[in-house]
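Colleague: I would like to read this model feature by feature. Please give me the general idea each time, then the case at hand.

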Amino acid sequence: MATRSTPVRKAWRSLTWLMVITLGLTALLGAGVAFWGWGWAPKLALDLQGGTQVILTPALEKGQDVTQQQLDQAVSIIRQRVDATGVAEAQVSTQGQNIVVEIPGPLDPETKARIQASAKLEFRAVLLAGAPSTSSAGSPSASPSDGTTPTPSPSLESTPSVSPSNGSDLAWITPALQAEYDNFDCATLDVAKTNVAPAAEPLVTCNLAGTEKYLLGPVEISGSTIDNATAAVKQSQGVSTGQWVVNITFDSEGTAQFADVTTRLNQFRLDGDNTRSRFAVVLDGKVITAPTTNAAITDGKPEISGTFDQNSAKTLADQLKFGALPISFTVQSTDDISATLGTAQLAAGLIAGAIGLLLVVIYSLFQYRLLGFVTVASLVVAAVLTYLVLTIWSWREGYRLSLAGVAGLIVAIGFTADSFIVYFERIRDELRDGRGLVGAVEAGWSRAIRTILAAKSVNLLSAIILFILAVGNVQGFAFTLGVTTVIDVLLVVLFTHPVLQLLATTKFFSSGHPLSGLDPTALGAIYRGRAQFRPSVEARKAGASREAERRQTIAERKAAELQNSDTRGRGKDA
């Protein structure tokens, strides 16, 4: 009695875990709706909902041209940036010399900044620095005492009289450059095109807040030498300061360059020159931060600090990690676009899924009688779990359901039903061999689970490879296929098998009722009492023959084969 109750206890334990998982996902989704602004349905992709189209046009210097290679590289980088925000199903393509970005739903300012920013990071030495409305610190020439803003004269010398020895050499400051610095207004920073300034020449710019302006030397270290960048909270003696920073790791070239520059700037600090000991970190022509060099940094792992919060720090880290755009872009237009397929196609996809589900139900009931209702119940539970997972993933990670994703869900119906068919047929095989239903369920499960796991492993591997290699809508198909594959395995372990364990103890199924789908007589086994069956004569003969063949030695098998071939030969002669 205790032995027969063990599968029942296991079944209820598995069903309890399934209930806990389902309630946990439901509670998480409910909390998201109540507190985090989530919705009860997954967000739709561009082809079903529509969204925003942003057209980027190159910001080029006079005489500069853009190549197709640069555009292709920019498309790849922008796609990586958009994907890093969690926005799924975005489309990035070229249109002439422009880049067209189509994003599902409304465009938030953070995503727009990620798309537009070239993320051209430069490290320049500070030559002059000061407040925008006051005289500069460390300036070799003072501003007019009456407070008026001087107008640069075209006759001012713009070429250094002495060739500068390094990026911190004051020989870079010509009369024309000094006048440009004195006249520069930080309020015009966004239209000053500092982000297209030549790397080999000094740069006049301001910080992001517009509270300090700088005259910087030429670029000494390029952002292309950055190997990795991460956002983190700054730690001081093992204690969090609450300040968000961006940690940079240079490659070997950048590490050597940064060590040389910080060694030189640290010497300025020791000499008491607090202006030229500063090092400006310039992103797209604007100074993020310009800290004083307190020591030579030789490990190639500097830290960028500034007025960062978590989102801005992560945005900068992603931009630096994925690389700078080869050229700068400006937003030419931002337009709302309608769904390319819309609700009609979504409805058609759902109808197709419903038809496929109906056909599976009809086949299951025809082939397995009332046992087919286990398939129906399993598909319903699978649908609930899939809905919860996709909805949570949509609002938590930015996933959006496209028509390709709907196709993946439809295909998953057949894959899920396939697991049940394998299991049911294994149980029927055990019944044909004369086992009782309880024993057939356990023996059939031990054989079926290996086949199911092997098949689902292939499906999951295919989905993963397809997701990695594909882009756009095809990734949506691969994602839903992978999610439903994992749910299928979870379901057959925690629901289908436990339900059959419980049904095997009921009188209707254990007695082999003709409508149960597990009638031993119809399957070729003969009832012999006490829920036990004996195989039919044909089954016993076939089983005995197979057992005899398994017990033969290699020599006996060869002899039997030779005898059979001789018999066939004599038959032909006769």
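Modeller: Start with strands. Two strands pair if DSSP finds at least two bridges between them. Keep in mind that this is a predicted model.

Colleague: How many bridges join β7 to β8, and do they run parallel or antiparallel?

Modeller: Nine bridges join them, and the two strands run antiparallel. Strand β7 covers residues 226-236, and strand β8 covers residues 239-250.

Colleague: What lies between the strands of that hairpin?

Modeller: Two residues lie between β7 and β8. Look at glutamine 237 in this hairpin: its phi is positive, near 55°. For the pairing itself, take serine 236, whose bridge partner in β8 is valine 239.

Colleague: Next, disulfides. What is the general idea, and how many does a search of the whole structure find?

Modeller: A disulfide is a covalent bond between the sulfur atoms of two cysteines. The search of the whole structure finds one. Cysteine 186 and cysteine 206 form the disulfide, with 1.9 Å between their sulfur atoms. The link is left-handed, at -80° about the S-S bond.

Colleague: Why does this pair tie together parts that are 20 residues apart in sequence?

Modeller: Because cysteine 186 lies in the loop between α5 (175-183) and β5 (203-206), while cysteine 206 lies in strand β5 itself.

Colleague: Are these cysteines buried or exposed?

Modeller: Buried means under 20% relative accessible area. Cysteine 186 has 10%, so this residue is buried. Cysteine 206 has 0% and also counts as buried.

Colleague: Now the surface. Which residues make the nonpolar patch of about 610 Å²?

Modeller: Patch residues need over 30% relative accessible area. This patch is made by Leu461, Ile464, Ile465, Phe467, Ile468 and Leu469. Take isoleucine 464, placed in helix α11, residues 437-469. With a relative accessible area of 42%, isoleucine 464 is partly exposed.

Colleague: One last case. Where is serine 328 found, and is serine 328 buried or exposed?

Modeller: Serine 328 is in strand β12, which spans residues 328-337. The relative accessible area of serine 328 is 6%, so this residue is buried.

Colleague: How far apart are serine 328 and aspartate 284, in sequence and in space?

Modeller: They are 44 residues apart in sequence. In space, C-alpha to C-alpha, serine 328 and aspartate 284 are 8.2 Å apart.

Terms used
Residues are numbered from 1 along each chain as its sequence is written. This is a predicted model: local features need pLDDT of at least 70, side-chain atom pairs count only at pLDDT 80 or more; totals for chains, interfaces and linings use all residues. Side-chain values use heavy atoms; hydrogens and water are left out. Helices (H or I, at least four residues) and strands (E, at least two) are DSSP runs, numbered from the N terminus. A disulfide is a pair of cysteine sulfur atoms within 2.5 Å. Buried means under 20% relative accessible area, exposed over 50%, partly exposed in between (1.4 Å probe, protein chains only). Patches are made of residues with over 30% relative accessible area and no salt bridge: like charges are joined within 9 Å, nonpolar side chains (Val, Leu, Ile, Met, Phe, Trp, Tyr) within 5 Å. Accessible areas come from the Shrake-Rupley method with a 1.4 Å probe; for residues, only the protein chains shown count as cover. A salt bridge is a side-chain nitrogen of Lys or Arg within 4 Å of a carboxyl oxygen of Asp or Glu.
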